[in-house]
Amino acid sequence: MKKLSFVLVIILLNLSFISCSVEEDVQMLDEYKSTNIKVEYTQMDYEIVEMINAYRISKGLSELIILNEATKEAITHSQYMVKHGEPSHDYFFNRSENLKKGVNATSVSENVGYGYSSAQSIVNAWLKSDGHRKNIENPGFTDFGISTKKDEDGRNYFTNIFVKR
């Protein structure tokens, strides 16, 4: 009987931790509201855009247009990755939904990266990865957003969001 009571206490404690995590996730989602984000592009952002579009043209695909609304989502996510110190696709669903509602996107995808020191190196890495290259080569995408953010140690975090409208 004491074992059963002990197990129930452990389960209840675990459930309380799970509910805290859910609250933290809800609070985190507020960070993804991009309404007050000022869109500014770095030199590296422009270089990435040029390289991706040059690659697409070389494959007979159309150029992608920079979409500030997608860049707002990319900026917010790059800031999130810097804050947490690791690349991720956390909360991609929220970024996708924001773009579907905000600019009538019908499809959204993203590439992220970390640690590369030049536009050429991150674009090369994405092109060597089947999944990342598929996003770049997707003929349905019409627009994209880009964000490069540095952490305190000077390491770059990249978010490239692809949009079909």
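Author: Begin with burial: a residue is buried under 20% relative accessible area, exposed over 50%, and partly exposed in between, with a 1.4 Å probe and protein chains only. The model is a predicted one, where local features need pLDDT of at least 70 and side-chain atom pairs count only at pLDDT 80 or more, while totals for chains, interfaces and linings use all residues. Residues are numbered from 1 along each chain as its sequence is written, and side-chain values use heavy atoms, with hydrogens and water left out.

Reader: Is N135 buried or exposed?

Author: N135 has 13% relative accessibility, so N135 counts as buried. N135 lies in helix α6; helices (H or I, at least four residues) and strands (E, at least two) are DSSP runs, numbered from the N terminus. Contact means heavy atoms within 4.5 Å. Leaving aside residues up to four places away in sequence, N135 touches S109, E110, N111, F141 and F162.

Reader: How is a sheet read, and what is the strand order here?

Author: Strands of a sheet pair through backbone hydrogen bonds, either parallel or antiparallel. Two strands are taken as paired if DSSP finds at least two bridges between them. Here 4 strands form an open sheet in the order β1-β3-β4-β2, with mixed pairing. The edges are β1 (65-66) and β2 (107-114); each has a single partner strand, so one side of each has no neighbour in the sheet. Strand β1 runs parallel to β3 (residues 143-150), joined by 2 bridges, and I66 stands opposite F144 in β3.

Reader: Which strands does helix α2 touch?

Author: Axes are lines fitted to C-alpha atoms, for helices over the stretch in contact, and angles run from 0 to 180 degrees between N-to-C directions. Helix α2 (residues 43-58) packs on the sheet and touches β1, β3 and β4 (156-164), its direction making about 140 degrees with that of β3. Helix α5 (residues 119-128) also packs on the sheet, touching β2 and β4, at about 120 degrees to the direction of β2.

Reader: Which residues of α5 are buried?

Author: They are A119, I122, V123, W126 and L127. An arc is judged from the directions from the helix axis to the C-beta atoms. Down the axis of α5 the buried residues fall within an arc of 135 degrees, so they line one face of the helix. Their cover includes α2, β2, α6 (130-137) and β4.
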